[in-house]
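Q: Hi! Could you walk me through this model, a bit at a time?

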Amino acid sequence: MFLSDTSIRRPITAVMLNIALVVMGLIALSRLPVRDLPDVDSPIISVTTVYPGAGPEVVESEVTELIEEELNTIEGIRTLFSTSRDEVSAITIEFVLNRDVDVAAQDVRDKIARISGRLPSDADPPIVSKQDADAQPIIWVALYSESYSAVELTDLAENVMKDRLQNISGVGRVIIGGEQRFAVRVRLNADLLAAHQLTVQDVSAALNTENVELPSGRIEGPSREFSIRTQGEFKSAEGFRSLIVAYRNGSPVRLGDVAVVENGVENERTLARYNSKPCLGLGIVKQSKANTVEVAKRTEEVVAECRGILPPGVEAELAYDSSIYIQQSIVEVYRTLFLAVILVTLVIFVFLRSVRTTIIPVIAIPVSLITTFAVVHFLGFTINNLTLLALVLAIGIVVDDAIVVLENSYRHINELGKKPMLAAKEATNEIAFAVIATTLSLVAVFVPVAFMEGSTGRLFYELAMTVAVAVCTSSFVALTLTPMLCSRFLRESATHKFKIYYAFESFFDWLSRVYKRGLDRALHHRVMTIFIGIIAVVLIAVFFRLCRQEFLPMEDKAGILVIAMAPEGSTLDYTDGYVRQIEGMVRQVPEVEGYFCAIGLAEEGVGETDTAFMFVRLKRWDQRTVSQSEVVGSLAGPMFMIPGVLAFPLEPPPLDTGTWGQSVRYIVQSTDLDRLAEYADIMVGRMRQMPIFNNVDSNLKINKPELSIDIDRDKAADLGISARDVAAALQILFGGSDLANFKSKGEEYEVIVQLDRESRSLPADVDDVYLRSRGGELVQLSNLISMREAVAPSEINHYNRLRAVTLQANPAPGVTLEEAATAMENLAKEVLPPSFTTSWSGEVRELREGAGNLGFTFGLALLAVFMVLASQFESLIDPFTILLAVPLAVLGALITLFATGTTLNVYSVIGIVMLIGLSAKNSILLVDYANQLRDKGMPVIEATAEAGAVRLRPILMTAISTILGTLPLAIAVGAGSAGRRSLGLAVVGGMLFSTILTLFIVPAVHTLLVQAAERVGRGE
């Protein structure tokens, strides 16, 4: 063969070629970014619009539906999801995976620009950003101090840290949790206003006319000029307190006479704590396509810089960092990689029993793996768990070709008595076809991956291409560097002083004799042997049904999320009381390292004081013996028993989608909101009775207490009072409005006017509001309105423009995602009317889409390998014989998964697909050599028996090296170990099972088919 002959003849050229590949790989390795998994994030654009004072139904009709209608015409939308809640419309557009996120964002901005004039005039301009509107921060930075107030910490967070963090590449936005921005609070007293014959309109007018600072021109002299600045703005709470609102009986009525004017904060509906200490939290939300590790690394650097400029006594600490798991899991894979190299090297040494000989195939490992990084970089991949797992899997594969070349050269030297140069040349030419055939068959397995869609396809693609590149590189090494090294370093077997060498040789001789006897029996009882193979194929269907399924196994990420939901309409104090109970429970868990909680968090609009969340950071994996799941289990029961609040802990999802929550997310749709809520309640009630579900909830709750006010328009018009006057007065007095601003030390602050707490604690307090009529008299609001208590939805959700409710739950411990999803679908068939439509989101959607893709891909991979082998062997019989090893390998994988309680998931299915190529390698070696012997005139049975005996050692070497190279994955521990174990167990079990059976079943079938073909050819 040209490559091998040239390499043997020109050894320096061969070495330089391989060194050049290694150098390129090392350069690429230094430049590759790091992340948890391949980029499977769909391009996501969010549109957030704030409409002050509007309720969910008004936001839905006047903002959300208008924007949705326009956005729906954009090309490449996968899903369109929206939430309309108090004052906020949040729309999330998920595009298909191949859509460029920047182009998609520009398309969205263009559509928004077309309808901006049709949005309500009081609504803020829509904000378009490249991430999910509900995406969770990947990092929380806690800013706390014992000597600084929350207002001062907020000032430091905004002026020192936020802009620096916001400017980090890949950061979508920075949320300040527990923000307490300085403001002047004007707390009006309804009784004092009435006593002084004043209304809120009088206060508003006074603030607008007396708190102004306008440019007042200039004085121009002959040689100098002066700009005039009228100091009309107040500078402090004292100034506003002295503001004259009106005159009564010749005496001024100042703002301080009817209100408490004091220094306060803008938002009194939020708080945050770190380890039970008051703090501010800066949440870093990455853009949908950003690299989590790079963003986290730069965030840590910026926080370290900020520590140097923060005042003494102020601390900044990373309260939660999701990148720690990613980095640790990568480290664990590197350790696995190193261990796999050692095990494979040991296998080769045991078989060859010579250090000099062992080095030759081992050199192929670093050359092939390091070179792979160059191609990975060129393809735009990253260093992640799957690409590194591909390299671990490749260790046992890349060495196979070198082992086959080495073993054949060794045989030519020691058994055929040839000189090393001639032996290496002829042995390589003899085995080159098998090397190329096995390489192409492995690569052919991964070709169908290019046709896979969705997240599963993306996950498969990077792993498959990485393995394919590593295998192709190993073939190049096996046909260039390996024969050259064989020709220079292989020697005839020498006498060894250690008896273990001869013990190994005796063992292999005994094993060879045992195999020959077993093979002879199999060839003389071929029908029984084939029957055993048929039973194995039938058992595949049995064990496939027995194995439980899920999308990805749950990983221990050293962190959990606790969600607490108080009854709708609960106050901040009410919710906080229960959060403190939860903090006490978390604090008692020995495995907890720290926790950060926030109530009423909202970047835009009004925060929900009835909802709280807590990020809990667990100790590192080597510092605890209790798993993340066990911590969640220990907290779930006590939290569930807390009366007056629904609280539950959650594990982070295995696939980083930016959103935490329940993994079972079932969408139910109908145009009738009332019927939707009715059946959602029925479904939630039934689900809570089923032991298969935990943490059951829905995002449609029509139980928010509401005071519905109807205006007597005729009476109001007669008095010269408009509906807007009524709404504006109520908005200011009960909602709080910033009616003025003032500047201090270069910063602008709000003046917020609102009734004091005592004047707005009961529905009857609305009656105490007075408005001024056309004639100047005060009119009590109770004369113009009628009130009734009602309930309303806290938010209204749309899915693909249709009203929807998402039923959410987690599978109970021991229940797989597929089992929970099936139970949900069965319940929906039983409960929901036919007019309702349903669909899945989140992990279940990916699981269902991936299941169809995987079956298609497996079949296409089999077809691709068959076609490649048929072309290479110029036969339809040989490929069929070779691929008999595949069902044997699949059965072995399924038995192993079932026996160990491991689920069928993306990782384990990846391993099963890889077994198509891995298991075929042994068959190719056997069938190829049997054909060579037949070409020399040997009968088919004798040729097959001889091929089995001669190829036994390389088959065992390659199979055991693959098994032991993958074994570290099957016994993995630490960060990211669940996925690695799933893949490793599938490959180890499949290879072990198929190797044993292939050595007997494939020869039996091969001889039977060849003899049948010969009879057909003779016309018998």
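What follows is a short chat about overall build, helix packing, aromatic pairs and backbone angles.

Q: What kind of model is it?
A: This is a predicted model.

Q: Okay, and how many helices and strands does the protein chain have?
A: There are 30 helices and 31 strands in the protein chain.

Q: What does the C-alpha trace span along its principal axes?
A: Its extent is about 125 × 75 × 55 Å.

Q: And how much of the protein chain counts as buried?
A: The chain has 1020 residues, and 56% of them count as buried.

Q: What share of the contacts comes from residues 24 or more positions apart?
A: If you take the contacts with a separation of 6 or more, 80% of them join residues 24 or more positions apart.

Q: Let's switch to helices. How do α15 and α28 cross?
A: Helix α15 covers residues 420-446 and helix α28 covers residues 906-935. Their axes come within 9 Å, with a crossing angle of roughly 155 degrees. Angles over 145 degrees count as roughly antiparallel, so α15 is roughly antiparallel to α28.

Q: Is that crossing left-handed or right-handed?
A: The crossing of α15 and α28 is right-handed.

Q: Which residues make the contact?
A: From α15 you have E430, F433, A434, A437, T438, S441, L442, V445 and F446. On the α28 side, the residues include V913, M914, I916, G917, L918, K921 and I924. L925, D928, Y929 and Q932 of α28 also take part.

Q: How do those divide into nonpolar, polar and charged?
A: The contact of α15 with α28 has 13 nonpolar residues, four polar ones and three charged ones.

Q: New topic: how many aromatic pairs are there in the whole structure?
A: A search of the whole structure turns up 13 aromatic pairs. One of them joins Y144 and Y274. That pair is tilted, at 5.7 Å centre to centre with 40 degrees between the planes.

Q: Where do Y144 and Y274 lie?
A: Y144 is in strand β5 (residues 139-145) and Y274 is in strand β13 (residues 271-274), so the pair ties together parts that are 130 residues apart in sequence.

Q: Are those two buried or exposed?
A: Y144 is buried, at 16% relative accessible area. Y274 is buried too, with 3% relative accessibility.

Q: What about the pair of Y320 and F615?
A: Y320 and F615 are stacked, with 4.6 Å centre to centre and 25 degrees between the planes. The pair links distant parts of the chain, 295 residues apart. Y320 sits in strand β16 (residues 314-321) and F615 in strand β19 (residues 611-618). Both of these residues are buried.

Q: Last topic, backbone angles. What is phi of N249?
A: N249 has a phi near 60 degrees, a positive value in a residue other than glycine. For context, most residues other than glycine have a negative phi.

Q: Where does N249 lie, and is it buried or exposed?
A: N249 lies in the loop between β10 (244-248) and β11 (251-254). Its relative accessibility is 84%, so N249 counts as exposed.

Q: And what about phi of N275?
A: N275 is not a glycine either, yet its phi is positive, at about 50 degrees. The loop that holds N275 runs between β13 and β14 (277-278). With 27% relative accessibility, N275 counts as partly exposed.

Methods: Residues are numbered from 1 along each chain as its sequence is written. This is a predicted model: local features need pLDDT of at least 70, side-chain atom pairs count only at pLDDT 80 or more; totals for chains, interfaces and linings use all residues. Side-chain values use heavy atoms; hydrogens and water are left out. Axes are lines fitted to C-alpha atoms, for helices over the stretch in contact, and angles run from 0 to 180 degrees between N-to-C directions. Helices (H or I, at least four residues) and strands (E, at least two) are DSSP runs, numbered from the N terminus. Angles under 35 degrees count as roughly parallel, over 145 as roughly antiparallel, 65 to 115 as roughly perpendicular and the rest as oblique. A crossing is left-handed if the near helix is turned anticlockwise from the far one by less than a right angle, and right-handed if clockwise. Contact means heavy atoms within 4.5 Å. Ala, Val, Leu, Ile, Met, Phe, Trp, Tyr, Cys and Pro count as nonpolar, Asp, Glu, Lys and Arg as charged, and the others, Gly among them, as polar. Rings of Phe, Tyr and Trp (its six-membered ring) pair if their centres lie within 6.5 Å; planes under 30 degrees apart count as stacked, over 60 as edge-to-face and the rest as tilted. Buried means under 20% relative accessible area, exposed over 50%, partly exposed in between (1.4 Å probe, protein chains only).
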